[in-house]
Amino acid sequence: MAAAQLTASSVSVSARNFSAFEGLRPSSVKFPSIGTMNAAGVSHRSFRGLVVKAATLVAPKYTSIKPLGDRVLVKIKVAEEKTGGGILLPTSAQSKPQGGEVVAVGEGKTVGKTKLEISVKTGAQVVYSKYAGTEVEFNGSSHLILKEDDIVGILETDDIKDLKPLNDRVFIKIAEAEEKTAGGLLLTEATKEKPSIGSVIAVGPGLVDEEGNRKPLSVSPGNTVLYSKYAGNDFKGSDGNYIALRVSDVMAVLS
């Protein structure tokens, strides 16, 4: 049977065909030789050169970034390239970092008649919401500009269990998933129900009202709570799984 071949010479892509994407800056898209396609399938190198870069590139002529309002500039922690056992991870398997170092802060915001300064300081190691902020490439490193409210907490050690939540966030150690059904059947990892119950490890100081006073949270460390199933940010610690979420996502205290 004759093999059907698709080669780079048979595909012509003109730069003008991408004119609709001129506003997408500074993303770069690179299509190398497509390779061959035959009845056996596509060669392993067909799309290896596909590069999509989503971060905004700050030109070298700019030497500093000053966040405005209640925004914070964070230098993103580099993703781990190896497992704990030394196995190299491909880019697709590397976890997206959710932490970094605060390198600049804005002047704060006004609540009612009260002027609030940014509560995190430069040099602090912070953990932030997974999809928060705008990523920028600056001085050869990846940074994130985000609102202070998107910062989950401050982490002064390498262990997530020591996280100090900010504002109205609650830090919870998740209960272990049930290994068996009520009838005694063993559950596989795929069939285990994701727990939505855990023990409160730490709580933030609360939000600030228009008079400038902190409103304490309705839960305390040591409480066992039931929380919304799809809320918050999950973290894996050395001794179990944790979640940080807003107190409004805590539905009940169990006793």
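Buried means under 20% relative accessible area, exposed means over 50%, and partly exposed lies in between (1.4 Å probe, protein chains only). This is a predicted model, in which local features need pLDDT of at least 70 and side-chain atom pairs count only at pLDDT 80 or more, while totals for chains, interfaces and linings use all residues. Residues are numbered from 1 along each chain as its sequence is written, and side-chain values use heavy atoms, with hydrogens and water left out.

**Confidence**

Please colour the chain by pLDDT, the predictor's confidence in each residue, from 0 to 100. The mean for the chain is 77, and 64% of its residues reach 70 or more. Next, select residues 1-31, where pLDDT stays under 50. For this stretch the model has 30 contacts (heavy atoms within 4.5 Å) beyond four places in sequence. Residues 42-52 also have pLDDT under 50 throughout, with 19 contacts beyond four places in sequence. Where pLDDT is low, the predicted coordinates should not be read in detail.

**The open sheet**

Now display the strands; strands (E, at least two residues), like helices (H or I, at least four), are DSSP runs numbered from the N terminus. Two strands pair if DSSP finds at least two bridges between them. In what order do the eight strands of the open sheet lie? The order is E5-E11-E12-E6-E7-E10-E13-E14, with mixed pairing. At the edges are strand E5 (56-57) and strand E14 (164-165), each of which pairs on one side only. Strands of a sheet pair through backbone hydrogen bonds, either parallel or antiparallel. Select strand E6 (residues 71-76) together with E7: the two run antiparallel and are joined by five bridges.

**Val102**

Within strand E7 (residues 99-105), select Val102. Is Val102 buried or exposed? Val102 is buried, because its relative accessible area is 0%. Opposite Val102 stands Val74. Apart from neighbours within four places in sequence, the residues in contact with Val102 include Val72, Leu73, Val120 and Val126.

**Salt bridges**

The structure holds five salt bridges, each being a side-chain nitrogen of Lys or Arg within 4 Å of a carboxyl oxygen of Asp or Glu. Three of them can be visited in turn.

Select Asp149 and Arg246, whose closest N and O atoms are 2.8 Å apart in a salt bridge. This pair links distant parts of the chain: Asp149 is in the loop between strand E12 (141-147) and strand E13 (151-154), and Arg246 is in strand E21 (residues 240-246), 97 residues apart. Asp149 counts as partly exposed because its relative accessibility is 28%, and Arg246 is partly exposed at 23%.

Move to Glu156 and Lys164, a salt bridge with its closest N and O atoms 3.4 Å apart. Glu156 is exposed, with a relative accessible area of 60%, whereas Lys164 is partly exposed at 46%.

Finally, select Lys173 and Asp239, whose side chains meet in a salt bridge (3.7 Å, N to O). Lys173 lies in strand E15 (residues 169-174) and Asp239 in the loop between strand E20 (233-237) and E21, so the pair ties together parts 66 residues apart in sequence. Lys173, at 27% relative accessibility, is partly exposed, as is Asp239 at 33%. To close, select Asp149, Asp168 and Arg246, which salt bridges with shared partners join into one network.
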